[in-house]
Structure formats: structure tokens, C-alpha cells
Amino acid sequence: MAVCGIDVGSRTIKAVLLDAETKRILEFRKIETTYTPVDQCLKILDGLSAKQTVATGYGRKLLQDRMGSESVTEILAHALGAGHLFPECRSVLDIGGQDTKAISLDSLGRVAKFEMNDRCAAGTGKFLEFMATTFQVPIEKFGDFALEGQPGLSINSMCTVFAESEATSLMARGHKPQDIALALHQSVVKRSLSMLRRVSVNGPLVFSGGVALNRCVRELIERETKSRLLVAPQPDMLGALGAALYAAQ
Amino acid sequence: MTTEYEQMWKGLGLDLAAHDELLQVLGKGYQDIFLSQSDRPKGMDYFNFVMSEVHGLRVKELLDGKREGHKVVGSFCVFVPEEIVRAADATMVGLCTGAEFATEEVEKVLPRNTCALIKSAFGFKLGKVCPYIESADMIVGENTCDGKKKSYEVLDTLVPNLYVMDLPQKKSNEGRALLRAEYQKFKKAVEELTGVTIDAPRLKKGIEIVNNKRKAIQRLSELRKADPAPISGLDALLINQVFFYDDPIRFTDSVNKICDELEERVREGKGVFPKGRPRMLVSGCPMAVPNWKLPWIIETSGAVIVGEESCVGERGTRNQTDVSGSTLDELMEAIVDRYFKIDCAIFTPNPDRLEHIRQMSRDYRADGVIHYGLQFCQPYQIESLPVERSLEKSGIPTLRVDTDYSMEDVEQIKTRVEAFLERIGIPACSVCRCS
């Protein structure tokens, strides 16, 4: 018997088909959210046969209204997904398209405390995407590009608009784009870790969400926390996986 | 109905077009948030009526009263003792501070990063849409936070009748002496305004009126301890908000009437939501009409609010003024004693507030505390961190929400509130790997 979890994110929609008994992942799909998220949801679910579907992500209510599917928040979904793949984990950092979430888990894997950015998308995937465009580097390569840079510069502003002007003035002063890109990544990490520290992290940390695909952010977090990160092969799947696990319960 | 009052509003100098717009938004908000609730107590009809006439009939009453010599005193804070105002046959009203209005005008005279409550008060004045501030014979400002204190300097250039009351910042003997001196001065100012000399019998009567009003609210709060809750948090908040506007005697009767009905509900085990629904205590900054955003999010996310640790709520109404004294001095001392207990975050240190949150969360059997901070409200925002830490440490789940009056962060707040409820609501074994 299969169940489905769908994570309707601001940039991409992810779906996981899960065997309800063995908890084995049968299928993972991903699609752009675009401006017609409902249509995209129907497209991604097309052909997936599940006895129950649970939605998460910012668009979780869209499906609730449309298909009557139950919904859980991204926070619970990522906690469930992370706990399933990495039973030893005690905290989760999820950086998605427009939200950052820091979650600490208790010894049973339940959400003990969480923090989330408010209306401003500073330091999220959107921020990196915007900056990558400024540097004319594809978002998938932006992390590698930044890793070519030398440390020493710093970007203090977290606001996308202000950070862009900071980056522009650094460029005007003749700094290498790679060095500036590294500074931008460092600012994202700094902000995320301060959020994480507020939920008091102890124990292994899972990094999830689309930004976990960025090698530079991963390496900088490991350097800062002096510990190894737990990252799934497809870290942007964790929300959908968590929703599917919830559906399986 | 609008046209009936147009002459009155014009006479007060309101901007009719802008005011119409405000009433429309208010009416729609009220419809969507309040009237759409199910199983509301019948007694809420009265409060629906008050809200539908909040800029109409109530203002007409105030103006009629003024013609009979009853002065109107407008206030922004629960530190302004209504007992003294009532003793001089004057009427006290809370001034409008719960919605964004004329923001561009406001930002010409105040910095952008001023808290929403202060900006709102200025917006209602500058946008010429608050009949209360225009009806007031005296506007009382009070030196609570720095934001208010400094902005009163600006407000003073916009209104002809601002009276600023100083307030202590420490609960010391010196602090109490300051409050006492300020209340004496305020009494004198009210006497000068009204031409009434406040004597002991008058003050006693003023105290009784206000005590009765608070007693009715306390009765309402008591009933909210039941599970299922007999009234929604939104409706209870609305009653707490109307507390600041309505005729006190009629208000007291109406609250008592709804309490009779709620007692019946509690006896029958009837509630507005099913039994066992997660119970939330909201703590923090005050919520003036029509600031209903957070409670609305909470109650449409599957929880019920059972108490407000707030100035518009229990912080403002919990203590009574001792009316047993017979001399003017004794009664004035009793008023000072009563107000000096208010555990506003402007006091340093302010341990009583934390204790009160704990006590409320016990008494109302709350499953969690949602701390509401207005952005740029330093006293409550700074206090929220140690409050959160301390509550969590003693096993009371706490969520901090900092926001303002705009609606742009509704979805983010909803996610956080839902995640908080998920965190509270999940039984130990449904997620653990023991199955």
C-alpha cells in the first residue's frame, strides 16, 4: 500500500511515493512551482497511486481545498523526514526557497523547539538565486563558484536589495567576483546558524531543503559548527518524505 | 446609517471619504473574523451592535454627554486611572490604535521603525478618522516606553489638549511616590477640566463603577477556564476591547448577561469548540480594535485562546481598587496601590509579569503560551526572550511571534502557529520509532 507526500514549495514542488509498511521510497518527483501551483501539483501527482496524500509547504492549503488532502507544516514534515533518514539527528536546518527553519528535536524525534524567518526572505534560496543572477552564474554552480574565492571580505546586510548594493560596491572596488560570492555565502551561513543557536542545538545536525544542494553553504556550516553535517542525497526531498511518513501513520 | 452621522463626523472635522473607507474595511474585517464564527453566545449580539456603532451611536452619546457637561478624557494606557475621571462625572475612552492608517503622513513626523501602535494613533489623528480623539476634551499621554514618551512631544504639536503623565520605571518606594504625586496632579487637572471638586463620596462612586466593570470581566475570565471553552478567544478579546469604549454601567450589565449564558453553557458542558481543543494563552503587547490578526490566526488553526496576559486583558483588569477607605486620602492611596501593581514591561526588573504568565497558564489550563510582540516595542520584545526561556524550562511550550498590523506576514505566522500546535498536540508514541 502506497502513500504520498507532496511539498508545495515556493520554487519547486516535490512528491514522494512511499510504501506505507516498509517505509521504502518508491518514487521521488520534482517540478517547478511556476505561477500555477495547483496545475503543477496535479501534474506531479499524475499517475501516482496512493491511498492517502498529505501536503506540506507554503502551498499546502491549496491541495487541502482542492483535493481534501490533510496537511502538516514544513516544520513537522522536515523533522519527520530527517528523523527517518537519520535516526541519530537532534536538529534540522532547512533552507528552502523563501523560508529558513531551525528545528531542535527531543530524544524521541519530536519537535522540541523551532525558529523560522518572518516575512523577509533574507538568507534563503531566493537570496542566493538573486545573487547568482547578478553574477551571471547558474544557481546550480553558484556554490562551486564561491568556493573558488578567497576569504577576507564580508557582506553585512542580509536584505537582498542592500546586499546587492554591497556586492556592487565591492565589485566597483575591484574585488574578485568569486571572493564576493564567498562572502555572500558566509552571510547566509551566519544568519542561519544564529537562528539554529536560538533553538539550542546539541547533537547531529541534518541540513535539508534546496540550499543544502549548495556545496559552499554545506562546507561553511561544517567549518563553523566543527562537525559533520547529515545531508540526504536529495536534501530537497525531506519535506515531501516527512509528509508521506505522516500519511503512513 | 452612515448619512445619519455624517453631520456629526463633519462637525468633528473628520475626513468623510477616508472615514468611510475605514468603516468599510472595519465592517468587512468584523464580518470575516467575528460573524463567521459558529456557536457564538447570544450575548455577543450586544457587542456586535456596539461594534457596528463604534463610530456612530457611541460617539453621539459622548457628544450628547458633553452638552450636558460630561467632559471626555481620551487615553492610550491602562495606567490612566478611570476612577478619577468618573469621580468628576467625565467619561474616559480608549483612543484608536489598532490599525494602519495614513502611514505616509505618519512617516513624515515619526521614524519608520516606530511601533505599529504609536504609528496607528498618529495615523488616526493625521488621517482625521478617529471621532474619539476629536471628541476628547483632554488627551492623556503617559510616559511608559521611550517610543510613546518621545512621540507625545510630536503629538503635542498636533492636538491642543495633551496632558502628559509621568510614570515610574521601578517598583520602589520612590517609584510609588512618583506615581502617587502624578495621580494627585492628574486629579487636579481633571478637576480643573470639569469644574468638579472630587471629594470622598465622588471618588468612592468612581471606584465602584470601575470595580464593577472589572468584576464583570473577571467573571468572564473565570468562565473561560472551562473545557470546552464556552466562548471563543476572539469574542472574549472583543469584550475586553469594548471595555475601553462603552458606557461602563451598560457594559457591566452586558458582560454579566453574557456570563449568565456562559454559566449555563459550562453547566451543560457546551462549548464553542470541541472539548480537548489545544488551549492557548496569549501574552504580551496590547491588542486594540481592530487588531485581531494573531488571535484570528490562532483560532482558525485549531486552537482556542483562553486568556490574554495583556493590557487589553488580564494585566489591565485583574486587580481591584480597595473601596473601604472613607477619606479622600485613603481612597487615593488605594488607587495608587492598585495601579502600582500593573506589571507592564516598562518596569525594571519585572519579575511579577513572568509569575503572572505562569499563574495564568496554570489557572486557565493552557497547553502553551504565544508571546505577542509588536515590532519595535523594545520593552516587550526584550522581555520576551527571558520569558520564553524561563517558561520552556519549566515545561510550558512557548512561541514568540513578533509582528505589526499589516497582513503581509499572515501565512508565515500561520505556519509557525500550526507548527507550534503540532508540537504540542502530538502524543509521544505517534512519532517515535517504537512502533
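Start by selecting Met280(B). Setting aside neighbours within four places in sequence, Met280(B) is in contact with Ile298(B), Ala303(B), Val304(B), Ile305(B), Val306(B), Ala366(B), Gly368(B) and Ile370(B). Here, two residues are in contact if their C-beta atoms, placed from the backbone, lie within 7 Å.

Before you click on, a word about what's on screen. This is a predicted model, in which local features need pLDDT of at least 70, side-chain atom pairs count only at pLDDT 80 or more, and totals for chains, interfaces and linings use all residues. Residues are numbered from 1 along each chain as its sequence is written, while chains are lettered from A and ligands numbered from 1 in the order in which they are written.

Now for the core. Met280(B) is among the residues with the most contacts inside the largest nonpolar core, along with Ile6(A), Ala243(A) and Ala244(A); that core has 204 residues. A nonpolar core is a set of buried Ala, Val, Leu, Ile, Met, Phe, Trp, Tyr and Cys residues joined through C-beta atoms within 7 Å. A residue is buried if 20 or more other C-beta atoms lie within 10 Å of its own, exposed if 12 or fewer, and partly exposed in between, with C-beta atoms placed from the backbone. Colour helix α9 (residues 238-248) of chain A next: the largest share of this core, 9 residues, comes from there. Helices (H or I, at least four residues) and strands (E, at least two) are DSSP runs, numbered from the N terminus.

Why does this core lie between domain 1 (1-86 + 236-249) and domain 2 (90-231) of chain A? Because both domains give residues to it. The domain bounds come from an automatic or database domain assignment. Their C-alpha centres lie 25 Å apart, and 15 residues of domain 1 of chain A are in contact with 19 residues of domain 2 of chain A. On the domain 1 side, α3(A) supplies the largest share, 8 residues.

Show both chains: 17 residues of chain A are in contact with 16 residues of chain B. On the chain A side, α3 (74-85) and β8 (111-116) each supply at least two residues, and α3(A) gives the most, with 4 residues.

Back to chain B, and select Ile370(B). It stands opposite Leu399(B) in β8(B). Strands β7 (residues 368-374) and β8 (residues 398-403) of chain B run parallel, joined by 6 bridges; two strands pair if DSSP finds at least two bridges between them.

In the loop between β7 and α18 of chain B, pick Phe376(B). Its phi is near 75°, a positive value in a residue other than glycine. Phe376(B) counts as partly exposed, with 19 C-beta neighbours inside 10 Å.

Next stop, Leu220(B) in helix α11 (residues 200-223) of chain B. Buried or exposed? Leu220(B) counts as buried, because 21 C-beta neighbours sit inside 10 Å. Leaving out residues up to four places away in sequence, Leu220(B) touches Ala236(B), Ile239(B), Val255(B) and Cys259(B).

Finish at Pro228(B), in the loop between α11 and α12 (233-242) of chain B. A cis peptide bond joins Asp227(B) to Pro228(B), with omega about 5°.
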